[in-house]
Amino acid sequence: MGERELKIAVSLVLDEHVTLSLREMCRGCGLPGEDLMAMVEEGLLQPQGPSPARWRFAASELERVRAALRLQRDLGLNLAGVALVLDLLDEVRALRARVRVLEQLLD
Amino acid sequence: MEFKDYYKILGLAREATQDEIKRTYRRLARKYHPDVSKESDAEERFKEVNEAYEALKDPEKRAAYDRLLSGEWQAGQEFTPPPGWDAGFEFSGGGFTGADAGQFSDFFEALFGGGSPFGRGRHGGAGLRGEDHQARVQIGLEDAYHGATRTLTLQVPEVDASGRVAMHPHTLKVKIPPGITEGQKIRLSGQGGAGRGGAPRGDLYLEILFEPHPLYRVEGRDVYLSLPLAPWEAALGATVAVPTLGGTVDLKVPAGAQSGHKLRLKGRGLPGSPAGDQYVVLQIRTPKAETSEHRRLYEQLARAMPFNPRERMGV
């Protein structure tokens, strides 16, 4: 057991330096292009570039789409609701990180 | 397997209307949704709540389940479905909607899974790409700084040929690059769920969490350290050794430093482009007056240096 040498899995860190095309985004989340365009329309995603064919999405937006799908599916939210929840969650996350730092400094 | 009381899980009476079931489910789903909730057992509770709703929202499944409940089953009791328990129901073959059935308990599987009439219509989607899976990985701050290779074993639900769901360990080795930050995701292509009908596997998404560190707190790529100083180091200025993730560095504390002052060690946070900084927050500690000699020195200081720290309070 466990003697077999495991190959290192091919991995991609989804940070701000990696960008994806519309097509790569579609592949990554299994959605048709129109659905992603609707999310761009709603301001949920903010690709760089003049037209859908030349859009570049920050790789972190892939996770945003996946979270949006989970929220839509599980909570019955519409796109505007999902966009609001995701914005608020970003803010909550930033505030929690801030609180952790400040709490330590008060010790 | 354990008998599950789906009404209890939702906190509802058995007479609850379909509307009440739906409302309660919606409320609990918001409360325990893993993307939203901070509760430590959110994911577990969310699955439970979903499973309960999946069983009760469909009047056919609910009626079959109610019939079981009116027997002598209690929550937590050892359970095997009695033969023919689901006989006499007309099924519209709805299968599962929405929720991911692979996440449900053995109990649910035994009642409503692939082997039961309720499970129809769920399989046979030819050429369907495998599902994406996700997992969280906790790493030490030192590993985030230096990078690391980790071997992970994840429990993955897989549906076998007969439609049963079983947990399989999935072991893989992952390279964590230096400078990863908390909450960042790593995508492992083709490490997710198996595809159907020869379609490719889904991807696995790993979310990085940091283990709590005894010295440092992290915000993005910036690292915060609370640094204790002696009163004379703060008053007169000093060069003191300070730990950083990359090793000890000398920090010049200016004369007249106060508690709460923040000094920046540029580029000493987590690596990246740009690298984060380390912020050193000063904390002045006062030595205890433990001997008469100490007490005499403090008294001398009090006389020689009139000082009212509460001046701005007007007292």
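**Close-up 1. Bridge partner of L12(A) in strand 4 of chain B**. In this predicted model, L12(A) has R187(B) of strand 4 of chain B as its bridge partner. Strand 1 of chain A and strand 4 (residues 185-188) of chain B run antiparallel and pair over three bridges (pairing requires at least two DSSP bridges between two strands; strands are DSSP runs of E, at least two residues, and helices runs of H or I, at least four, numbered from the N terminus). Residues are numbered from 1 along each chain as its sequence is written, and chains are lettered from A and ligands numbered from 1 in the order in which they are written. Local features need pLDDT of at least 70 and side-chain atom pairs count only at pLDDT 80 or more, whereas totals for chains, interfaces and linings use all residues.

**Close-up 2. The side of chain A that touches chain B**. Contact joins 28 residues of chain A to 30 residues of chain B (C-beta atoms, placed from the backbone, within 7 Å). Strand 1 (11-13), helix 3 and helix 4 (79-106) of chain A each contribute at least two residues to this side of chain A, and helix 4 gives the most, with eight residues. By class, the side comprises 14 nonpolar, four polar and 10 charged residues (nonpolar: Ala, Val, Leu, Ile, Met, Phe, Trp, Tyr, Cys and Pro; charged: Asp, Glu, Lys and Arg; polar: the others, Gly among them).

**Close-up 3. Packing of helix 1 and helix 3 of chain A**. Helix 1 (residues 22-29) and helix 3 (residues 60-75) of chain A pack at an angle of about 45°, with their axes 10 Å apart (axes are lines fitted to C-alpha atoms, for helices over the stretch in contact; angles run from 0 to 180 degrees between N-to-C directions). M25(A), G28(A) and C29(A) of helix 1 meet L62(A), V65(A), R66(A) and L69(A) of helix 3. This contact has five nonpolar, one polar and one charged residues.

Note on methods:
Contact = placed C-beta atoms within 7 Å.
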